[in-house]
Amino acid sequence: MGQVAVCRQDSYNSDEVLSSVRKIFRLLNIEQDITPDKKILVKPNLLSGRKPEKAVTTHFTVVEAVVRCLIDCGAKHITVADSSGGIYNLEHMNGVYSASGLKTPLLEQYLNRDFSYREVYTKP
């Protein structure tokens with residue numbers, strides 16, 4: 001059965017959020033599952049391009065803390081990506097990334113910018 005860890009957080013102060021995420025990584029022993037060759041997707045629930053204080057998407061300080069902890073564990077292939085449930089192209093998603101606060105110096109390099117696709121057919 002899967003495990004869950006929760007840390008109470010009274011603000012989105014970057015240092016406090018990072019401390020809580022580090023504690024959760026420790027409690028769940030996440031480091032054991034991270035290898036430099038593993039591809040990791042961080043999915044921040046980008047429901048729409050709204051400011052962080054509207055609480056529509058996962059707060060950018062939480063996403064930043066998760067990415068920082070993954071890097072600390074040795075992750076080399078991290079992508080922050082999600083679909084906002086509407087148009088899924090670079091122009092639209094750049095607006096969503098901006099509005100939600102995800103275009104920080106740390107996260108900028110991990111934001112998904114590959115919107116290619118391919119059709120896959122399966123046998124009935």
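## A buried aspartate and its salt bridge

At 11% relative accessibility, D82 counts as buried, a term that stands for under 20% relative accessible area, whereas exposed stands for over 50% and partly exposed for what lies in between (1.4 Å probe, protein chains only). The side chain of D82 meets that of K43 in a salt bridge of 3.4 Å, N to O, a salt bridge being a side-chain nitrogen of Lys or Arg within 4 Å of a carboxyl oxygen of Asp or Glu. K43 lies in the loop between β1 (39-42) and α2, and D82 in the loop between β2 (77-80) and α3 (90-99), so the pair ties together parts that are 39 residues apart in sequence. K43 itself, with a relative accessibility of 48%, is partly exposed.

## Basis of the model

This is a predicted model, in which local features need pLDDT of at least 70 and side-chain atom pairs count only at pLDDT 80 or more, while totals for chains, interfaces and linings use all residues. Residues are numbered from 1 along each chain as its sequence is written, and side-chain values use heavy atoms, with hydrogens and water left out.

## Overall architecture

The protein chain has three helices and two strands, which follow one another from the N terminus in the order α-β-α-β-α; helices (H or I, at least four residues) and strands (E, at least two) are DSSP runs, numbered from the N terminus. The C-alpha trace spans about 40 × 35 × 30 Å along its principal axes, and of the 124 residues in the chain, 35% are buried.

Contact is taken as heavy atoms within 4.5 Å. Among the contacts with a separation of 6 or more, 67% are between residues 24 or more positions apart.

## Other salt bridges

A search of the whole structure finds four salt bridges. One of them joins R22 to D72, with the closest N and O atoms 3.3 Å apart; R22 lies in helix α1 (residues 14-28) and D72 in helix α2 (residues 60-72), so this pair ties together parts that are 50 residues apart in sequence. R22 is partly exposed, at 37% relative accessibility.

Another salt bridge is formed by R113 and E108, whose closest N and O atoms are 2.5 Å apart. Both partners are partly exposed, R113 at 34% relative accessibility and E108 with a relative accessible area of 30%.

## Helix α1

The 15 residues of α1 should span 21 Å at 1.5 Å a residue, and its end C-alpha atoms are 21 Å apart, which agrees; the expected span is 1.5 Å times one less than the number of residues. The buried residues of this helix are V17, L18, S20, V21, I24 and F25. Seen down the axis of α1, these residues fall within an arc of 165 degrees, so they line one face of the helix, the arc being that of the directions from the helix axis to the C-beta atoms. The buried residues of α1 pack against α2, while D15, R26 and L27 are exposed on the other side of α1.

At the N-terminal end, N13 caps α1, with a side-chain oxygen 3.0 Å from the backbone nitrogen of D15. That distance can be read against the definition of a polar contact, a pair of N or O atoms within 3.5 Å; within protein, one must be able to donate a hydrogen and the other to accept it, and residues adjacent in sequence count only if both atoms are side-chain atoms. After α1 comes N29, whose phi is positive, near 55 degrees.

## The aromatic pair

One aromatic pair is found in a search of the whole structure. The rings of Y88 and F115 have their centres 4.7 Å apart and their planes at 80 degrees, so the pair is edge-to-face. Rings of Phe, Tyr and Trp (its six-membered ring) pair if their centres lie within 6.5 Å, and planes under 30 degrees apart count as stacked, over 60 as edge-to-face and the rest as tilted.

The pair links distant parts of the chain, with Y88 in the loop between β2 and α3 and F115 in the segment after α3, 27 residues apart. Y88 is partly exposed, with a relative accessible area of 35%, whereas F115 is buried at 17% relative accessibility.

## Two further buried residues

V96, in helix α3, is buried at 2% relative accessibility. Apart from residues up to four places away in sequence, V96 touches L46, S48, G49 and S84. T104 lies in the segment after α3 and, at 9% relative accessibility, is also buried; leaving aside neighbours within four places in sequence, T104 is in contact with F60 and E64.
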